[in-house]
Amino acid sequence: MALRAAVVGGGIGGTAAALALTRAGVDVRVYEQAQQLTEVGAGVSLAPNGLRMLDRLGLGEGIARVGARHLSAQLRLSDGRPAPHQPHQFAQPGRNVGIHRADLLALLAGRLPAGTVATGHRCTDFSQDAGGATVFFANGAAASADVVIGADGIHSVLQGFVVAPAEPVFSGVVAYRGLVPGLAEYPAGTMRMWVGERKHFLVFPVRAGQLLNYVGFVSSDTSVRESWSAAGDPAALAAHFAGWDPVIGQVIAAITGPGGSGFAWGMYDRAPLPRWSSGRLTLLGDAAHPMLPHLGQGVNQALEDAVALAALLGSCAGPAGVPRALAAYEQLRRERTARVQLGSRRNGAGYDSSGSQLTDRRWIYSYDAWAEAAALAGTLG
Ligand SMILES: Cc1cc2nc3c(=O)[nH]c(=O)nc-3n(C[C@H](O)[C@H](O)[C@H](O)COP(=O)(O)OP(=O)(O)OC[C@H]3O[C@@H](n4cnc5c(N)ncnc54)[C@H](O)[C@@H]3O)c2cc1C
């Protein structure tokens with residue numbers, strides 16, 4: 001009989017895990033608290049290491065259709081002059097792809113067998129014994145499985161069944177982000193970041209170039225609740241970037257025009273966790289390693305987790321092998337993601353000091369999580 005998996009959380013991490021597990025022959029159900037699977041109106045940059053995982057999931061063609069390849073990746077000083085940096089310290093031109101978060105979620109969820117996702121299920125509790133695990137929901141339902149995957153984001157309920165509860169850490173930075181229609185003034189196929197003192201501003205195209213994703217990062221003494229939906233004030237954003245390259249002003253001006261959107265988001269992460277797994281329960285994506293966006297890796301690391309976990313669980317002889325497979329998953333993933341978490345903090349400080357001491361990303365981009373997990377699976381016996 002196929003292994004049974006319950007994935008809690010239907011974000012990008014949870015749906016990617018469900019798709020990878022389905023393809024590995026695991027019988028999967030996803031439980032999402034919202035009434036429907038949704039993502040906010042914002043873009044995400046897919047890096048070579050994440051794109052490699054999407055290829056493994058058979059989504060390469062879909063990504064090429066709805067994404068926007070960044071043919072050029074430019075790091076600029078606040079006045080628009082090129083910043084002094086090495087190419088591998090920002091992005092890999094021609095290899096990164098911008099995508100609307102909702103488009104990525106739709107691609108992943110669209111490949112799941114009918115009936116995989118149960119919405120309106122908010123997980124509140126968990127229990128396990130030697131024979132299996134059960135998740136409990138606020139609506140009174142319960143689900144049993146051989147393995148439970150907590151993909152329930154930075155405020156993960158399931159994390160509390162693995163480690164002692166702790167609050168996320170405010171980074172002192174607020175991100176104003178959203179989408180505007182493509183602008184004549186903005187060069188096609190270009191990802192551009194402007195760096196200054198205590199601020200930086202990022203723009204890249206998504207949805208085949210029809211839309212531009214923008215994020216203005218500013219230091220703030222006041223912590224803002226991390227949220228996808230808090231409205232961001234375009235006038236405040238414009239004031240923060242007054243006197244910078246006029247292209248930034250044009251992007252900000254478009255926020256209040258037709259098709260523009262903006263919201264503000266306090267940025268939080270956590271220190272790397274000492275453990276991810278307990279018996280038949282493990283964590284994935286932001287539930288395991290919430291990170292600041294300054295290496296653009298949150299989604300990319302969640303995709304790596306998903307494919308690696310599926311390779312290891314897919315090689316399990318049966319339910320009895322689950323704890324061992326989860327221990328191997330944690331062994332493979334925890335150190336790498338911790339490095340990316342801590343590197344993201346450092347790289348944000350580099351951006352906010354006019355681009356000094358930026359991280360060399362080659363070790364992140366060249367990694368093939370599937371190949372590493374497949375090799376490890378071969379040693380489990
Ligand atoms: C400003 C900014 C820019 C970013 N840019 C990038 C980028 O360019 N590239 C990149 O790779 N990453 C980026 N990230 C990071 C990325 O957005 C996250 O790492 C990623 O979305 C995490 O996905 P996830 O599925 O693990 O968690 P989430 O997206 O948080 O999904 C969790 C899901 O679980 C559900 N849920 C929560 N609790 C429960 C419960 N109790 N029961 C049932 N369901 C529950 C939620 O409703 C949600 O659907 C950025 C982040 C920020 C803040």
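Helix H7 meets helix H10 through Glu 304, Val 307, Ala 308, Ala 311 and Leu 312, which touch Ala 369, Trp 370, Glu 372, Ala 373, Ala 374, Leu 376 and Ala 377 in H10. Contact here means that the C-beta atoms of two residues, placed from the backbone, lie within 7 Å. Sorted by class, this contact has ten nonpolar residues, no polar ones and two charged ones. The nonpolar class takes in Ala, Val, Leu, Ile, Met, Phe, Trp, Tyr, Cys and Pro, the charged class Asp, Glu, Lys and Arg, and the polar class the others, Gly among them.

The model is a predicted one, in which local features need pLDDT of at least 70 and side-chain atom pairs count only at pLDDT 80 or more, while totals for chains, interfaces and linings use all residues. Numbering starts from 1 along each chain as its sequence is written. Helices (H or I, at least four residues) and strands (E, at least two) are DSSP runs, numbered from the N terminus.

As for geometry, a pair of packed helices is described by the angle between the two axes and the distance between them. H7 packs on H10 (residues 369-380) at about 25°, and their axes are 8 Å apart. That makes H7 roughly parallel to H10, on a scale where angles under 35 degrees count as roughly parallel, over 145 as roughly antiparallel, 65 to 115 as roughly perpendicular and the rest as oblique. The axes are lines fitted to C-alpha atoms, for helices over the stretch in contact, and the angles run from 0 to 180 degrees between N-to-C directions.

On the H2 side sit Asn 49, Gly 50, Met 53, Leu 54 and Arg 56, and on the H7 side Val 299, Asn 300, Leu 303, Glu 304, Ala 306 and Val 307. This contact of H2 with H7 splits into six nonpolar, three polar and two charged residues.

A further helix pair is H1 with helix H4 (residues 101-110), whose axes come within 9 Å and cross at roughly 25°. That makes H1 roughly parallel to H4, in a left-handed crossing. Ile 12, Thr 15, Ala 16 and Leu 19 of H1 meet Arg 101, Leu 104, Leu 105, Leu 108 and Ala 109 of H4. Of the residues in this contact of H1 with H4, seven are nonpolar, one is polar and one is charged.

Turning to the ligand, 34 residues surround it, and the closest are Gly 9, Gly 11, Gly 153, Gly 285 and Gly 298. A residue is near a molecule or strand if its C-beta atom, placed from the backbone, lies within 6 Å of it. Two or more shell residues each come from helix H1 (12-23), strand E3 (43-46), strand E12 (169-181), strand E16 (263-269) and helix H7 (298-314). H7 gives the largest share, four residues. The shell around the ligand holds 15 nonpolar, 14 polar and five charged residues.

E12 and E16 also belong to an open sheet of six strands, in the order E5-E13-E14-E15-E12-E16 and with mixed pairing. Strands E5 (72-77) and E16 are the edge strands, each pairing on one side only. Neighbouring strands in this sheet are turned by 20° against each other on average, direction ignored. E5 runs parallel to strand E13 (residues 190-195) over six bridges, and Ala 73 has Met 191 as its bridge partner in E13. Strands count as paired if DSSP finds at least two bridges between them.

Another open sheet has three strands in the order E8-E9-E10, with antiparallel pairing. Strands E8 (123-129) and E10 (142-145) stand at the edges with a single partner strand each, so one side of each is left without a neighbour in the sheet. The twist from one strand to the next averages 20°. E8 and strand E9 (residues 132-137) run antiparallel and are joined by six bridges, with Asp 129 opposite Gly 132 in E9.

Technical notes: Left-handed = near helix turned anticlockwise from the far one by under 90°.
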